[in-house]
Amino acid sequence: MTRAFDLPDSLVKRAEELAREDGVSLDVWVTSALAQKIGAVETAAEFFRRKSAGAGKGLSSYLDLIPEKSPMLGDELPRA
């Protein structure tokens with residue numbers, strides 16, 4: 001399936017230069033760059049999903065250690 005994208009000329013020109021430096025076609029270079037970006041985003045999304053799944057357990061054990069006291073002068077939450 002072929003898709004046409006309206007990209008700025010300056011971006012296309014730079015991508016062509018980089019592809020030429022790498023010794024590959026623009027199509028190959030763009031495909032590789034897009035695959036790298038997708039991989040990075042998916043990896044980051046999975047990392048944060050994994051971290052957030054267990055975040056509550058560890059955090060509440062620390063919050064349970066905080067004594068029940070009124071805030072110090074100047075540390076109060078603003079009233080809405």
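pLDDT is the predictor's confidence in each residue, from 0 to 100. So this is a predicted model, in which local features need pLDDT of at least 70 and side-chain atom pairs count only at pLDDT 80 or more, while totals for chains, interfaces and linings use all residues. Residues are numbered from 1 along each chain as its sequence is written, and side-chain values use heavy atoms, with hydrogens and water left out.

Confidence is highest in α1, at a mean of 95, and lowest in helix α3 (residues 55-63), at 69. Where pLDDT is low, the predicted coordinates should not be read in detail.

Now the overall layout. The chain has three helices and zero strands, in the order α-α-α along the sequence. Helices (H or I, at least four residues) and strands (E, at least two) are DSSP runs, numbered from the N terminus. How much of the chain is buried? Buried residues make up 2% of the 80 residues. Buried means under 20% relative accessible area, exposed means over 50%, and partly exposed is in between, with a 1.4 Å probe and protein chains only. The chain exposes about 7800 Å², and carbon and sulfur atoms supply 60% of that. These areas come from the Shrake-Rupley method with a 1.4 Å probe; for residues, only the protein chains shown count as cover.

Next, the start of the chain. Phe-5 is found in the segment before α1 (9-22). Phe-5 is exposed, at a relative accessible area of 64%. Together with Leu-7 and Leu-11, Phe-5 makes a nonpolar surface patch of about 340 Å². Patches are made of residues with over 30% relative accessible area and no salt bridge; like charges are joined within 9 Å, and nonpolar side chains (Val, Leu, Ile, Met, Phe, Trp, Tyr) within 5 Å.

On to α1 itself. Its 14 residues should span 20 Å at 1.5 Å a residue, and the end C-alpha atoms are 20 Å apart, which agrees. The expected span is 1.5 Å times one less than the number of residues. Just after α1, Gly-23 takes a positive phi of about 75 degrees.

How many salt bridges are there? The count comes to two. A salt bridge is a side-chain nitrogen of Lys or Arg within 4 Å of a carboxyl oxygen of Asp or Glu. One joins Glu-17 and Arg-14, at 3.1 Å from N to O. These two residues are three apart in helix α1, so about one helical turn separates them. An α-helix has 3.6 residues a turn, so residues three or four places apart point the same way. Glu-17 is partly exposed at 26%, and Arg-14 is partly exposed at 41%.

Arg-49 and Glu-46 form a salt bridge at 3.3 Å, N to O. Both lie in helix α2 (residues 26-53), three residues apart.

Last, the aromatic rings. The whole structure holds one aromatic pair. Phe-47 and Phe-48 form this edge-to-face pair, 5.1 Å centre to centre, with 75 degrees between the planes. Rings of Phe, Tyr and Trp (its six-membered ring) pair if their centres lie within 6.5 Å; planes under 30 degrees apart count as stacked, over 60 as edge-to-face and the rest as tilted. Phe-47 is partly exposed at 37%, whereas Phe-48 is exposed at 55%.
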